[in-house]
Amino acid sequence: MIVVTGASRGLGRAICARLISLEHEVLGLAREVAELPFPALTCDVASYEQVRAIAQTLRGRSEKVSALINTAGIASMNLALTTPSDVSKRIIETNLLGTIYCCQLFGPLMIRNKLGSIINFSTIAVALGLKGESIYAASKAGVEGFTRAFAREMSEFNVNVNCIAPGPIATDLLRGVSSAQIAEIVSRQIIARQFTPDAVCDLVEMLLSPRSRTLSGEILHVGGV
Amino acid sequence: MLNIEQRVFEIIASVAGVKPALIDADKQLIGEGRLFDSMKLVELCLLLEDLATELGFNFDWTSDAAMSRSVSMFRTAGSLAAEFIAQMSGRS
């Protein structure tokens, strides 16, 4: 089974669809799961207890979790100086702590199999230091640091931990970002074009492949920076 | 309860790769003179989860409450066995 957080929208939903098309067993986690066409459970990843309850349920059912994909995230395109503290807190709780909680609590399910793959999600905003994304970038910089250190902690158990850092992929998360802003960010990528969720799904598929077992602790930038 | 304590000690010995006879209640698990590094502690917890399942309860080492007790819980083989038995008895 592959657990995907943030499964109801955007990249998470696209990744679930891709994995299901490849005949993987997928369990999606999201705050709203009513309309999802695949098995999913309600979970706010910012809640340690909610994540823990799901991990315990899976353990109780002796589910074999082979991979965890942490796409759950929120963004607020705002200057740090004008971002309300509750918004900053919510971004850090969901993007950084949510990723940490899922790794902490689903990680042992993979340790049991002595095999697993964890894919976290960052953003091009970390590498480029994008104006208006400081809080979001801070949360994702934390995810990158966590990924590198956690990869070392998990390597003994044959669990690989990597991170994908996309540029401006056409998803809900880009609401409120103008075409001009998107074009400006894309122009700073090595491959200067806007990619689709499919490109990210390709990377996920590659990281889940047995041929990628030599990769851990890596931050993969979609389009290059 | 002695039997359960002994089973916990046997699991500790198997994870540490030592003879069960070398494990007693005072055997230090963490800190100076420790038997385990932190990664081995994770393996130990997973095996204790399995033993708890076999005995019909959940061994909790991931809740906030359990984590806040973890330093004292993992101090010695005896303290870990005591915590395991307390959780089994619903006293934790």
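How many residues does helix α1 of chain A have, and what distance does this helix reach from its first C-alpha to its last? The answer is given below, within an account of a predicted model.

## Helix α1 of chain A

Helix α1(A), covering residues 10-21, has 12 residues and reaches 17 Å from its first C-alpha to its last, close to the 16 Å expected at 1.5 Å a residue. Its buried residues are L11(A), G12(A), I15(A), C16(A), R18(A) and L19(A). Viewed down the axis of α1(A), these buried residues fall within an arc of 165°, so they line one face of the helix. An α-helix has 3.6 residues a turn, so residues three or four places apart point the same way.

The cover over the buried residues of α1(A) includes strands β1, β2, β4 and β5 as well as helix α7 (197-208), each from chain A. Just after α1(A), E23(A) takes a positive phi of about 70°.

## Helix α2 of chain A and its cover from chain B

The 13 residues of helix α2(A), residues 48-60, should span 18 Å at 1.5 Å a residue, and the end C-alpha atoms are 18 Å apart, which agrees. Buried in this helix are Y48(A), V51(A), R52(A), I54(A), A55(A), L58(A) and R59(A). Their directions, seen down the axis of α2(A), fall within an arc of 165°, so the buried residues line one face of the helix.

Both chains contribute to the cover of these residues. From chain A it includes β1 (2-5), β2 (26-30), β3 (40-42) and α3 (85-113); from chain B it includes α2 (38-55) and α3 (64-68). Just after α2(A), S62(A) takes a positive phi of about 55°.

## The sheet of chain A

Chain A holds an open sheet of seven strands in the order β3-β2-β1-β4-β5-β6-β7, with parallel pairing. Strands β3(A) and β7(A), the latter at residues 219-221, are the edge strands, each pairing on one side only. Neighbouring strands of the sheet are turned by 20° against each other on average, direction ignored.

Two of the pairings can be described further. β1(A) and β2(A) pair in the parallel sense over four bridges, and the bridge partner of V4(A) in β2(A) is G28(A). Along β1(A), I2(A) and V4(A) point one way while V3(A) and T5(A) point the other way, and all are buried. β4(A), residues 67-70, and β5(A), residues 116-121, also pair in the parallel sense over four bridges; here the partner of A67(A) in β5(A) is S117(A). Helix α3(A) packs on the sheet, touching β1, β2, β4, β5 and β6 (159-165) of chain A, and its direction makes about 170° with that of β4(A).

## Positive phi in two loops of chain A

Most residues other than glycine have a negative phi. K114(A) is not a glycine, yet has a positive phi of about 55°. K114(A) is placed in the loop between α3 and β5 of chain A. Its relative accessibility is 40%, so K114(A) counts as partly exposed.

N158(A), likewise not a glycine, has a positive phi of about 65°. The loop that holds N158(A) runs between α5 (134-155) and β6 of chain A. At 37% relative accessibility, N158(A) counts as partly exposed, because that value lies between the limits of 20% and 50%.

## Overall form of chain A

Chain A contains seven helices and seven strands, which follow the pattern β-α-β-β-α-β-α-β-α-α-β-α-α-β along the sequence. Its radius of gyration is 17 Å, close to the 17 Å that the globule rule gives for 225 residues, so chain A is as compact as a globular protein of that length.

Taken along the principal axes, the C-alpha atoms of chain A fill a box of roughly 50 × 40 × 35 Å. Buried residues make up 53% of the 225 residues. Of the contacts in chain A with a separation of 6 or more, 72% are between residues 24 or more positions apart.

## Overall form of chain B

Chain B has five helices and zero strands, and its elements run α-α-α-α-α from the N terminus on. A compact globule of 92 residues would have a radius of gyration near 12 Å, and chain B has 12 Å, which agrees.

The C-alpha trace of chain B spans about 30 × 25 × 20 Å along its principal axes. Of its 92 residues, 43% are buried. Among contacts in chain B between residues at least 6 apart in sequence, 60% join residues at least 24 apart.

Notes: Residues numbered from 1 in each chain as written. Chains lettered and ligands numbered in written order. Predicted model: local features only at pLDDT ≥ 70, side-chain atom pairs only at ≥ 80, totals over all residues. Heavy atoms only, no water. Expected span 1.5 Å × (residues − 1). Buried < 20%, exposed > 50% of the residue type's maximum accessible area, 1.4 Å probe, protein only. Arc of directions from axis to C-beta. Contact = heavy atoms within 4.5 Å. Pairing = 2+ DSSP bridges. Axes fitted to C-alpha atoms, helices over the stretch in contact; angles between N-to-C directions. Rg over C-alpha atoms; globule rule 2.2 N^0.38 Å.
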